[in-house]
Amino acid sequence: MKKVLVTGGLGFIGSHTAVELLGRGYEAVIADNLSNTRAAVLDGIEAIAGVRPSWVDVDLADPTACRAFLARHGDLAGIIHFAAHKAVGESVQKPLQYYLNNLGSLALLLEHVAAHPACGFIFSSSCTVYGQADELPIREDAPIKPAESPYGNTKQVGEEVLRDAARAHDFKAIALRYFNPIGAHPSARIGELPLGVPQNLVPFITQSAAGLRGPLKVFGNDYPTRDGTCVRDYIHVVDVALAHIYALERLLDGATAAPVEVFNLGTGTGSTVLEVIAAFERATGKRLAYDFAPRRPGDVIAAYADTAKASRELGWKAERSLEQSMGDAWRWQEALGADEGV
Ligand code: WQD
């Protein structure tokens, strides 16, 4: 049984990827220090997959702890590295915490891959590296724009660290640039668990609809878009998780064409904030209260993926609709009950 390390495997995308790995007969080892999730996610993964993966509470940015942990796992077929701080606003307040954690953990994991070059490595990157792209849809060879936040910079610099290490140590890696992952597993056993007030649109929508928050504030309705609200590429988290399986198997098959390959993970369709609200209402039959508010600093006007490369080379494309994502997000919120969002 091939063993794959899933760092941040109790997080949103990590937990959904662990479920898909287990469903395909991989052994998943989860490393997660619960800095932005809850241990109960492991129960959800087990309930879906029928297997309880091993979980180690380890700070991967701590050199001694990380190296000791990795020394016990010299037989990894792959590492899928999700673990990172990811709050854009927080990164502006605490940049050094973001650089130490996000880049420190990456470098320590790559040190292990340099010593075990057969271990495939997948890096969670983000469409945030494109900033406001000049052309839409956004292709992987679009220019990288100066990061709007230290968080975004950890993704840009992370990709550079990956490229330098892969070339110097002759191993292969894939960076996946997520657009906007949303939704939850259709079983409603795992989903997004924003701790505190959600900064992202969809968890705020579901918490507002559940009565845990006031009306949604739509940040800006005077953008040069079809209805004045920002456009994003919202992709179901299960589609994102499946892309990691395709990327892992491309690495394990030795099929990659460069030391580091980069793929966009999006649907290829842009949706406005108002269209997301409408999709939520269609999916749930509920009405969502919202007000227009001033634009949020740092927001790009529009971002959605060119999906041709992922389709052609990974053989992957998103299958789930925006409405299905919103329905699954709502069912997960209902399953959480009233104890969330406080
Ligand atoms: C989407 C749209 C908001 C909340 C961020 C990170 C990105 C990735 C995904 C980690 C925007 C609007 C939001 C609200 C609103 N994170 N909005 N009211 O900013 O596209 O991407 O999360 O990898 O790196 O940058 O996602 O969900 O925050 O916002 O109107 O209460 O919804 O203005 O137009 P974003 P988001």
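β1 and strand β4 (residues 76-81) pair in the parallel sense, over 5 bridges. Pairing here means that DSSP finds at least two bridges between two strands. Before I go on: this is a predicted model, where local features need pLDDT of at least 70, side-chain atom pairs count only at pLDDT 80 or more, and totals for chains, interfaces and linings use all residues. Residues are numbered from 1 along each chain as its sequence is written, and side-chain values use heavy atoms, with hydrogens and water left out.

Element names come from DSSP runs: helices are H or I with at least four residues, strands are E with at least two, numbered from the N terminus.

Back to β1. In β4, Val4 has Gly78 as its bridge partner. Buried means under 20% relative accessible area, exposed means over 50%, and partly exposed is in between, using a 1.4 Å probe and protein chains only. Lys3, Leu5 and Thr7 point one way from β1; Val4 and Val6 point the other way.

β1 also runs parallel to β2, joined by 5 bridges. There, Val6 is partnered with Ile30. The chain gets from β1 to β2 through helix α1 (residues 12-23), and this β-α-β crossover is right-handed. That is, with the strands pointing away from the viewer, the path from the first strand over the helix to the second runs clockwise.

In α8, 13 of the 16 residues are buried. Just after α8, Gly254 takes a positive phi of about 65°.

Most residues other than glycine have a negative phi, and most peptide bonds are trans. Leu34 has a positive phi, near 60°. It sits in the loop between β2 (27-31) and α2 (41-49). Leu34 counts as partly exposed because its relative accessibility is 27%. Asp170 also has a positive phi, about 55°. Its loop lies between α6 and β6 (173-178). Asp170 is exposed, at 62% relative accessible area. And the peptide bond from Leu136 to Pro137 is cis, with omega near -5°. Pro137 is in the loop between β5 and α6.

Last, cavities. How many of 30 Å³ or more turn up in the whole structure? The search finds 2. On a 1 Å grid over the protein atoms alone, a cavity is a set of points where a 1.4 Å probe fits but cannot get out; lining residues have an atom within 4 Å of a point. Points are joined across faces, edges and corners, and volume is the space filled by probe spheres set on them.

The largest cavity has a volume of about 100 Å³. It is lined by 13 residues, with Glu192, Pro203, Thr206, Trp332 and Gln333 nearest its centre. The elements giving two or more lining residues are α7 (201-209) and α11 (322-336).

The second largest cavity is about 80 Å³. Its lining includes His81, Phe82, Asn102, Phe123 and Lys155. α5 (95-115), β5 (120-126) and α6 (150-169) each supply at least two of its lining residues.

Notes
1 Å grid on protein atoms, 1.4 Å probe; cavity = no way out; pocket = protein on both sides within 12 Å on 5 of 7 lines; lining within 4 Å.
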